[in-house]
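Work through these exercises with the structure open. Each task is followed by a stepwise solution.

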Amino acid sequence: MKKTLIFFTLFILVHLDSYSQEYSIKDFNLDGNIDAWFKANFDSANVKPMIGALPIVSPPRRRSSVFFVEKSQDWVTADLTYDSHFYSNAKLRYDLEKQVIYILNPLSLQPITLNQNLVNKIETELGVLKARKDSKGYYLVLSKGNNFSLIKESSKHSVVEGTEFQYQRVDKYYLLFSDRKEVIVNARSLLKRFPDYKKEIKKFMRTKESRQLKSLDKEKHLIHIAEYCDSIITS
(Lines give C-alpha, C1' and ligand atoms only; values in the text may rest on other atoms or scores of the structure.)
Protein backbone atom coordinates (compact mmCIF):
# COMPACT_ATOMS: atom_id res chain seq x y z
CA MET A 1 0.00 0.00 0.00
CA LYS A 2 2.87 2.37 0.87
CA LYS A 3 4.56 1.65 -2.47
CA THR A 4 1.31 2.32 -4.28
CA LEU A 5 0.78 5.69 -2.59
CA ILE A 6 4.37 6.77 -3.33
CA PHE A 7 3.95 5.80 -6.97
CA PHE A 8 0.63 7.60 -7.22
CA THR A 9 2.12 10.76 -5.66
CA LEU A 10 4.97 10.73 -8.20
CA PHE A 11 2.42 10.27 -10.97
CA ILE A 12 0.43 13.31 -9.85
CA LEU A 13 3.58 15.46 -9.57
CA VAL A 14 4.76 14.50 -13.06
CA HIS A 15 1.26 15.07 -14.37
CA LEU A 16 0.87 18.53 -12.86
CA ASP A 17 4.35 19.64 -13.85
CA SER A 18 4.17 18.43 -17.46
CA TYR A 19 0.58 18.87 -18.52
CA SER A 20 -1.40 20.78 -15.86
CA GLN A 21 -4.59 18.91 -16.79
CA GLU A 22 -7.22 17.49 -14.50
CA TYR A 23 -7.19 13.84 -13.54
CA SER A 24 -9.52 12.12 -11.12
CA ILE A 25 -8.17 9.64 -8.54
CA LYS A 26 -11.54 7.85 -8.54
CA ASP A 27 -10.44 6.09 -11.74
CA PHE A 28 -7.57 4.32 -10.00
CA ASN A 29 -7.66 1.35 -7.70
CA LEU A 30 -5.45 2.39 -4.78
CA ASP A 31 -5.75 -0.91 -2.88
CA GLY A 32 -2.59 -2.34 -4.38
CA ASN A 33 -3.64 -3.31 -7.92
CA ILE A 34 -2.42 -0.17 -9.65
CA ASP A 35 1.21 -1.35 -9.73
CA ALA A 36 0.27 -4.65 -11.34
CA TRP A 37 -2.10 -2.90 -13.74
CA PHE A 38 0.53 -0.45 -14.99
CA LYS A 39 3.12 -3.22 -15.28
CA ALA A 40 0.77 -5.47 -17.26
CA ASN A 41 -0.67 -2.84 -19.55
CA PHE A 42 1.59 0.19 -19.80
CA ASP A 43 4.85 -0.44 -17.90
CA SER A 44 5.03 1.22 -14.47
CA ALA A 45 7.98 3.37 -15.56
CA ASN A 46 6.02 4.89 -18.43
CA VAL A 47 2.80 6.60 -17.34
CA LYS A 48 2.57 8.97 -20.30
CA PRO A 49 -0.26 7.08 -22.08
CA MET A 50 -2.43 7.75 -19.01
CA ILE A 51 -1.84 11.50 -18.82
CA GLY A 52 -4.64 13.74 -20.06
CA ALA A 53 -8.03 15.20 -19.31
CA LEU A 54 -10.87 12.73 -18.89
CA PRO A 55 -13.10 12.78 -22.00
CA ILE A 56 -16.68 11.60 -22.30
CA VAL A 57 -16.92 9.21 -25.25
CA SER A 58 -20.45 8.51 -26.45
CA PRO A 59 -21.05 5.05 -27.94
CA PRO A 60 -21.50 4.78 -31.71
CA ARG A 61 -25.02 5.48 -32.95
CA ARG A 62 -26.77 2.66 -34.78
CA ARG A 63 -27.15 4.53 -38.08
CA SER A 64 -24.26 6.97 -37.98
CA SER A 65 -20.91 6.88 -36.20
CA VAL A 66 -18.30 9.57 -35.60
CA PHE A 67 -15.55 6.96 -35.35
CA PHE A 68 -13.06 5.67 -37.92
CA VAL A 69 -14.41 2.11 -37.72
CA GLU A 70 -18.08 2.49 -38.61
CA LYS A 71 -19.50 -1.04 -38.63
CA SER A 72 -18.65 -2.03 -35.08
CA GLN A 73 -20.09 -0.95 -31.73
CA ASP A 74 -16.98 -2.26 -29.95
CA TRP A 75 -13.65 -0.66 -29.16
CA VAL A 76 -10.98 -1.59 -31.69
CA THR A 77 -8.22 -3.88 -30.43
CA ALA A 78 -4.83 -2.62 -31.62
CA ASP A 79 -1.10 -2.72 -30.96
CA LEU A 80 0.14 0.72 -29.92
CA THR A 81 3.67 2.09 -30.13
CA TYR A 82 3.66 5.17 -27.92
CA ASP A 83 6.70 7.23 -27.00
CA SER A 84 8.85 4.37 -28.39
CA HIS A 85 7.15 1.85 -26.06
CA PHE A 86 5.09 -1.03 -27.41
CA TYR A 87 1.70 -2.00 -25.91
CA SER A 88 -0.37 -4.90 -27.19
CA ASN A 89 -4.14 -5.37 -27.17
CA ALA A 90 -5.00 -1.74 -26.45
CA LYS A 91 -8.67 -0.77 -26.84
CA LEU A 92 -8.95 2.31 -29.05
CA ARG A 93 -11.41 4.59 -30.83
CA TYR A 94 -10.51 7.25 -33.40
CA ASP A 95 -12.93 10.21 -33.36
CA LEU A 96 -12.89 11.63 -36.90
CA GLU A 97 -14.73 14.83 -35.97
CA LYS A 98 -12.41 15.84 -33.11
CA GLN A 99 -9.40 14.09 -34.68
CA VAL A 100 -8.36 12.41 -31.44
CA ILE A 101 -7.77 8.80 -30.42
CA TYR A 102 -9.09 7.48 -27.11
CA ILE A 103 -7.59 4.53 -25.27
CA LEU A 104 -9.72 2.58 -22.81
CA ASN A 105 -8.39 2.18 -19.27
CA PRO A 106 -8.81 -1.61 -18.77
CA LEU A 107 -9.19 -1.21 -15.02
CA SER A 108 -11.89 1.46 -14.79
CA LEU A 109 -13.12 1.52 -18.42
CA GLN A 110 -12.52 5.29 -18.39
CA PRO A 111 -11.41 6.59 -21.82
CA ILE A 112 -8.14 8.56 -21.96
CA THR A 113 -7.07 10.87 -24.81
CA LEU A 114 -3.72 9.95 -26.33
CA ASN A 115 -1.11 12.65 -26.89
CA GLN A 116 -0.75 12.73 -30.68
CA ASN A 117 2.85 13.94 -30.49
CA LEU A 118 3.87 10.73 -28.72
CA VAL A 119 2.04 8.24 -30.97
CA ASN A 120 4.56 6.40 -33.17
CA LYS A 121 2.09 4.04 -34.82
CA ILE A 122 -1.10 2.07 -34.22
CA GLU A 123 -1.49 -1.34 -35.85
CA THR A 124 -5.10 -2.43 -36.46
CA GLU A 125 -6.79 -5.05 -38.61
CA LEU A 126 -7.57 -2.25 -41.10
CA GLY A 127 -3.94 -1.20 -41.37
CA VAL A 128 -1.40 1.07 -39.69
CA LEU A 129 -2.38 4.50 -38.36
CA LYS A 130 0.28 7.18 -37.88
CA ALA A 131 0.11 10.70 -36.50
CA ARG A 132 0.08 13.55 -39.01
CA LYS A 133 3.03 15.92 -38.82
CA ASP A 134 1.34 18.93 -40.41
CA SER A 135 -2.05 18.95 -38.65
CA LYS A 136 -4.16 17.38 -35.94
CA GLY A 137 -5.19 13.77 -36.56
CA TYR A 138 -3.88 10.58 -38.08
CA TYR A 139 -3.52 8.90 -41.46
CA LEU A 140 -3.99 5.30 -42.57
CA VAL A 141 -1.15 3.72 -44.55
CA LEU A 142 -2.77 1.98 -47.53
CA SER A 143 0.49 0.82 -49.10
CA LYS A 144 4.17 1.38 -48.38
CA GLY A 145 6.66 1.26 -51.23
CA ASN A 146 10.33 1.97 -51.79
CA ASN A 147 9.68 5.43 -53.25
CA PHE A 148 6.47 6.58 -51.59
CA SER A 149 3.51 5.48 -49.47
CA LEU A 150 -0.16 5.81 -50.38
CA ILE A 151 -2.05 7.20 -47.38
CA LYS A 152 -5.61 8.20 -46.50
CA GLU A 153 -6.68 11.01 -44.19
CA SER A 154 -10.30 10.88 -43.00
CA SER A 155 -12.58 13.37 -41.29
CA LYS A 156 -16.27 13.67 -40.39
CA HIS A 157 -18.69 16.50 -39.74
CA SER A 158 -22.28 16.42 -38.56
CA VAL A 159 -25.19 17.43 -40.77
CA VAL A 160 -28.92 17.57 -40.06
CA GLU A 161 -31.14 15.30 -42.13
CA GLY A 162 -34.82 15.78 -41.29
CA THR A 163 -35.16 15.42 -37.54
CA GLU A 164 -31.84 13.60 -37.07
CA PHE A 165 -28.20 14.46 -37.51
CA GLN A 166 -25.79 12.25 -39.38
CA TYR A 167 -22.04 12.22 -39.84
CA GLN A 168 -20.64 12.74 -43.32
CA ARG A 169 -17.24 11.25 -44.00
CA VAL A 170 -14.55 12.74 -46.22
CA ASP A 171 -11.56 10.62 -47.30
CA LYS A 172 -8.55 12.25 -48.95
CA TYR A 173 -5.68 10.37 -50.55
CA TYR A 174 -2.03 11.39 -50.75
CA LEU A 175 1.32 10.13 -51.97
CA LEU A 176 3.69 10.49 -49.03
CA PHE A 177 7.33 10.99 -49.92
CA SER A 178 10.21 11.42 -47.50
CA ASP A 179 10.01 15.22 -47.73
CA ARG A 180 6.44 16.00 -48.84
CA LYS A 181 2.95 14.70 -49.55
CA GLU A 182 0.92 15.21 -52.72
CA VAL A 183 -2.84 15.03 -53.23
CA ILE A 184 -4.19 12.14 -55.30
CA VAL A 185 -7.83 12.33 -56.43
CA ASN A 186 -8.04 8.93 -58.14
CA ALA A 187 -5.94 6.39 -60.02
CA ARG A 188 -5.77 8.57 -63.15
CA SER A 189 -4.02 11.25 -61.07
CA LEU A 190 -1.00 8.95 -61.13
CA LEU A 191 -0.73 9.42 -64.90
CA LYS A 192 -0.14 13.14 -64.37
CA ARG A 193 2.18 12.53 -61.41
CA PHE A 194 4.43 10.14 -63.36
CA PRO A 195 4.31 11.37 -66.98
CA ASP A 196 7.51 9.50 -67.93
CA TYR A 197 5.70 6.22 -67.25
CA LYS A 198 2.31 7.18 -68.70
CA LYS A 199 2.37 4.49 -71.39
CA GLU A 200 3.22 1.68 -68.95
CA ILE A 201 0.64 2.83 -66.37
CA LYS A 202 -2.13 3.04 -68.98
CA LYS A 203 -1.30 -0.46 -70.17
CA PHE A 204 -1.43 -1.77 -66.60
CA MET A 205 -4.78 -0.05 -66.02
CA ARG A 206 -6.23 -1.97 -68.99
CA THR A 207 -5.34 -5.38 -67.57
CA LYS A 208 -8.20 -7.65 -66.54
CA GLU A 209 -7.27 -7.55 -62.85
CA SER A 210 -7.13 -3.74 -62.80
CA ARG A 211 -10.50 -3.39 -64.55
CA GLN A 212 -12.14 -5.88 -62.18
CA LEU A 213 -10.80 -4.07 -59.12
CA LYS A 214 -12.02 -0.73 -60.46
CA SER A 215 -15.57 -2.07 -60.81
CA LEU A 216 -15.56 -3.65 -57.34
CA ASP A 217 -13.64 -1.24 -55.09
CA LYS A 218 -12.15 2.09 -56.20
CA GLU A 219 -9.86 2.33 -53.18
CA LYS A 220 -8.37 -1.11 -53.78
CA HIS A 221 -7.99 -0.15 -57.43
CA LEU A 222 -6.07 2.99 -56.42
CA ILE A 223 -3.80 0.93 -54.15
CA HIS A 224 -3.24 -1.56 -56.98
CA ILE A 225 -2.16 1.15 -59.45
CA ALA A 226 -0.08 3.05 -56.89
CA GLU A 227 1.87 -0.09 -55.97
CA TYR A 228 2.58 -0.70 -59.66
CA CYS A 229 3.81 2.88 -60.09
CA ASP A 230 6.14 2.52 -57.12
CA SER A 231 7.56 -0.69 -58.59
CA ILE A 232 8.51 0.85 -61.97
CA ILE A 233 9.75 4.33 -61.09
CA THR A 234 13.45 4.72 -60.51
CA SER A 235 13.47 7.88 -58.38
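**Exercise 1. Is the crossing of α4 and α6 left-handed or right-handed?**

Some ground rules come before the solution. This is a predicted model: local features need pLDDT of at least 70, side-chain atom pairs count only at pLDDT 80 or more, and totals for chains, interfaces and linings use all residues. Residues are numbered from 1 along each chain as its sequence is written, and side-chain values use heavy atoms, with hydrogens and water left out.

Step 1. Locate the helices: α4 covers residues 198-205 and α6 covers residues 218-232. Helices (H or I, at least four residues) and strands (E, at least two) are DSSP runs, numbered from the N terminus.

Step 2. Take the axes. Those of α4 and α6 come within 11 Å and cross at roughly 145 degrees. Axes are lines fitted to C-alpha atoms, for helices over the stretch in contact, and angles run from 0 to 180 degrees between N-to-C directions.

Step 3. Assign the hand. The crossing of α4 and α6 is right-handed. By convention, a crossing is left-handed if the near helix is turned anticlockwise from the far one by less than a right angle, and right-handed if clockwise.

Step 4. List the interface. From α4, Glu200, Ile201, Phe204 and Met205 meet His224, Ile225, Tyr228, Cys229 and Ile232 of α6. Contact means heavy atoms within 4.5 Å.

**Exercise 2. Find the residues with the most contacts inside the largest nonpolar core.**

Step 1. Apply the criterion. A nonpolar core is a set of buried Ala, Val, Leu, Ile, Met, Phe, Trp, Tyr and Cys residues joined through side-chain atoms within 4.5 Å. Buried means under 20% relative accessible area, exposed over 50%, partly exposed in between (1.4 Å probe, protein chains only).

Step 2. The largest core has 41 residues, and Leu80, Leu190 and Phe194 have the most contacts inside it. Helix α6 gives the most to this core, with five residues.

Step 3. Inspect Leu190. It lies in helix α3 (residues 189-193). Leu190 counts as buried because its relative accessibility is 0%. Beyond four places in sequence, Leu190 touches Leu175, Ile184, Ile201, Leu222, Ile225, Ala226 and Cys229.

Step 4. Inspect Phe194. With neighbours within four places set aside, Phe194 contacts Phe148, Leu175, Ile201, Cys229 and Ile233.

**Exercise 3. Which elements have the lowest and the highest mean pLDDT?**

Step 1. Start with the average. The protein has a pLDDT of 79 on average, and 73% of the residues score at least 70. pLDDT is the predictor's confidence in each residue, from 0 to 100.

Step 2. Compare elements. Helix α1 (residues 2-18) is lowest at 42, and strand β7 (residues 138-144) is highest at 96.
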